[in-house]
Amino acid sequence: MANSPFKTQWLRDDTLLVNPGTMLDADNAPEMVELISNTAQEPNRFVILDMRELEFISSAGVGSILGTVEMLRQNGGDIILCNMSPTIEHVFRVLDLLEYLSVRSTRDEALTACHS
Amino acid sequence: MNANPDIKRAPSAVIAVSEELSKSARDRFSAELKEILAAAPEQVSLDCTRLTQVASSHIQYLWEAHEACARSRVRLVLTHVPRGLWRVLQVLDLAHLFSSDSESQKSRFETEFVSGESGISDAMALFTHYLEDKALPETTEFDLRALFYEVASNIRFHSDAHESLPVKFFAEIADNRIEMVFRDMGSEFDPTAAASEIDMQEAAQKGQTRGFGLLMIRKLADKVEYRRIEGTTNELILSKRLDG
């Protein structure tokens with residue numbers, strides 16, 4: 001995680017806040033997969049992906065979330081997406097993922113959802 | 001060609017090209033072109049208004065003018081280019097040889113890029129600038145950028161020719177629809193032949209992190225067409241309505 005290109009912060013012992021920046025695409029998606037996979041090694045871990053700065057997400061970016069979410073869920077945790085712009089939300093809607101993934105409007109709502 | 005072409009002497013000259021295809025018409029065109037170039041104009045303009053039905057001979061006229069002007073180091077400009085003519089020039093890979101002040105060119109974007117990280121990034125920035133000028137709805141503009149990125153990335157990661165030969169990309173907006181054309185010289189690959197649907201929940205269960213690009217292309221574009229050209233070139237054509 002020390003080498004992660006993303007801004008990260010532990011909000012609680014079990015909840016990692018991740019800001020992917022402006023782009024989540026083929027060039028940084030592998031690092032996102034690694035970051036989430038490492039976090040999922042411990043039980044009951046949550047990742048909050050705060051997308052407030054995210055301007056572009058590619059299929060590889062979506063894949064980095066979709067392909068790791070079950071690792072967390074099967075270990076008692078989850079990925080919570082928040083602060084999506086209308087265009088980013090549109091991508092997840094087009095791919096029919098808004099109901100499958102956990103999505104909240106704000107970071108506070110995401111944090112609440114982690115421990116509800 | 002036109003029996004009475006509108007010829008203006010230097011600094012610029014205009015030939016109003018007619019649709020005639022007879023040998024005498026071709027001879028007149030050649031003679032007019034030669035006469036104009038003898039006056040050493042700064043620019044020759046071919047008014048293509050009448051070329052609404054395009055035949056190979058018309059293309060030969062344009063090619064002859066291109067070659068003659070190049071030899072004389074005179075700028076050649078096509079004016080009032082009907083969309084069909086411009087499309088034929090694109091298909092024949094000749095459009096880049098001509099300057100045009102036509103409406104079709106104003107709505108057209110064209111670039112070449114090497115499909116590495118920086119090449120895709122630079123080309124996408126140019127394409128984004130082109131889209132921003134069109135003042136499209138935000139999600140539509142995003143979709144078009146995403147389509148460009150997904151196809152370019154697919155070529156980057158799966159083509160065996162990406163490091164040696166640039167990818168050609170054209171986009172044209174007409175009748176509230178955009179058409180995006182990608183040409184690369186990699187091995188034959190027909191994305192329309194790939195599986196059309198992916199069960200995303202099943203993919204998640206399997207921990208699949210890649211392989212969603214073609215699905216995204218299909219979801220974001222209204223139409224995806226592929227053809228192999230002359231055994232050397234992959235051509236992928238995406239089209240999408242612009243009104244959401």
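Helices (H or I, at least four residues) and strands (E, at least two) are taken here as DSSP runs, numbered from the N terminus. In that sense A:Cys82 belongs to strand β6 (residues 78-82) of chain A. This is a predicted model, in which local features need pLDDT of at least 70 and side-chain atom pairs count only at pLDDT 80 or more, whereas totals for chains, interfaces and linings use all residues. Residues are numbered from 1 along each chain as its sequence is written, and chains are lettered from A and ligands numbered from 1 in the order in which they are written.

**Confidence**

The model scores ipTM 0.92 and pTM 0.72. In chain B the mean pLDDT, the predictor's confidence in each residue on a scale from 0 to 100, is 85, and 90% of the residues score at least 70.

**The contact between the chains**

Chain A brings 25 residues to the contact and chain B brings 23 residues. On the side of chain A that touches chain B, α2 (59-73) and α3 (86-94) of chain A each supply at least two residues, and α2(A) gives the most, with 11 residues. The residues of this side of chain A divide into 13 nonpolar, eight polar and four charged, where Ala, Val, Leu, Ile, Met, Phe, Trp, Tyr, Cys and Pro count as nonpolar, Asp, Glu, Lys and Arg as charged, and the others, Gly among them, as polar.

**A helix pair in chain B**

Helix α1 (residues 23-38) and helix α2 (residues 56-72) of chain B pack at an angle of about 20 degrees with their axes 11 Å apart, the axes being lines fitted to C-alpha atoms, for helices over the stretch in contact, and the angles running from 0 to 180 degrees between N-to-C directions. The two helices, α1(B) and α2(B), are therefore roughly parallel to each other, a term for angles under 35 degrees, with those over 145 roughly antiparallel, 65 to 115 roughly perpendicular and the rest oblique. The contact is made by residues including B:Phe29 and B:Leu33 of α1(B) and B:Tyr61 and B:Ala65 of α2(B). By class, the contact of α1(B) with α2(B) has six nonpolar, three polar and two charged residues.

**Individual residues**

A residue is buried if 20 or more other C-beta atoms lie within 10 Å of its own, exposed if 12 or fewer, and partly exposed in between, with C-beta atoms placed from the backbone. Two residues of chain B other than glycine have positive phi, as tabulated.

| Residue | Phi | Loop of chain B |
|---|---|---|
| B:Arg73 | about 55 degrees | between α2 and β3 (75-79) |

B:Ala40 is exposed, with 12 other C-beta atoms within 10 Å, and B:Arg73 also counts as exposed, with 8 C-beta neighbours inside 10 Å. By contrast, B:Val167, in strand β6 (residues 167-174) of chain B, counts as buried with 25 C-beta neighbours inside 10 Å. A:Cys82 is buried, with 21 other C-beta atoms within 10 Å, and, leaving aside neighbours within four places in sequence, A:Cys82 is in contact with residues including A:Ile48, A:Met51 and A:Thr106.

Methods. Two residues are in contact if their C-beta atoms, placed from the backbone, lie within 7 Å.
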